[in-house]
Amino acid sequence: MPFDLSKVTFIATANWMDPIPEPLRDRMEIIELPGYTGEEKLHIAYKYLIPKQATEHGLKVGENIEFTDPSLQEIIHSFTREAGVRNLEREIGTITRKQARRIAEGKTEKMIVTPEIVSRISRRPEIPYRARNRRTRQTGPAFPLASCGRPSVATSSSIEASRMRGGKQFTTTAISVK
C-alpha cells in the first residue's frame, strides 16, 4: 500500500556517525550536540541528581547529607568520563546509599561529602591520580587518551612498556578489544 511521506520529518539519533552509511548521511541534516561542561554537570548535580538520589534513599539534603563543590568536582573529573551525567548520578547514588545504610545502623550524624569520602566510598577512579600526573622515562604502565569518534568524548586505556635484554630490534604487540 503506498504512503505519501512528503510531509513527514524523520528524526534519528546516534552516538557515533561511523556506522551510518554515507548515502544515508548525505540525505540527513547533522546536528551535533556537545556533552556537558564540568560546570554544567555541577549545576545539574545540585539541582536534580542529589535531590533525586536523596529522596530515593529516604534522605533529606542538608539534614542527612551534604555534598561540597570539591567533592562533586572530584566525582566529575576523576570518577566519571562521559559527555552526559549517567555515571555521575550512579556515583551520587552510591554515596547516598552508604549514608542511608549508616542511618539504618543507628549512626544519625549528617554526612558532609568531601573528596576524601568520595575516594573512600566510590569505585576506583577512571584515571588514577598518580598516573595522570606522572611524566617519566621509566618503563611501566602508561595511560594514553584516545578519541571515541566524537570531539567531546575521549577514553583512556592502559599500556605497559618493559625493557628487555636483546639486540637492536623493536617488537610491538597489540590486543584489540571490540
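Hi everyone, let's start with Ala14: at 46% relative accessibility, this residue counts as partly exposed, a label for values between buried (under 20% relative accessible area) and exposed (over 50%), with a 1.4 Å probe and protein chains only. Before going on, a word on the source: this is a predicted model, where local features need pLDDT of at least 70, side-chain atom pairs count only at pLDDT 80 or more, and totals for chains, interfaces and linings use all residues. Residues are numbered from 1 along each chain as its sequence is written, and side-chain values use heavy atoms, leaving out hydrogens and water.

Back to Ala14, which is found in the segment before α1. Ala14 and Glu32 lie 18 residues apart in sequence and 9.8 Å apart in space, C-alpha to C-alpha.

Leu5 also has its place in the segment before α1 (22-26). With 49% relative accessibility, Leu5 counts as partly exposed.

Now the whole chain. The protein chain has 6 helices and 6 strands; these are DSSP runs numbered from the N terminus, helices being H or I with at least four residues and strands E with at least two. From the N terminus on, the order is α-α-β-α-α-β-α-α-β-β-β-β. Of the 178 residues in the protein chain, 24% are buried.

Finally, how do helix α2 (residues 38-56) and helix α4 (residues 86-104) pack? Their axes are 10 Å apart, at an angle of about 45 degrees, with axes fitted to C-alpha atoms over the stretch in contact and angles running from 0 to 180 degrees between N-to-C directions. α2 and α4 are therefore oblique to each other, as angles under 35 degrees count as roughly parallel, over 145 as roughly antiparallel, 65 to 115 as roughly perpendicular and the rest as oblique.
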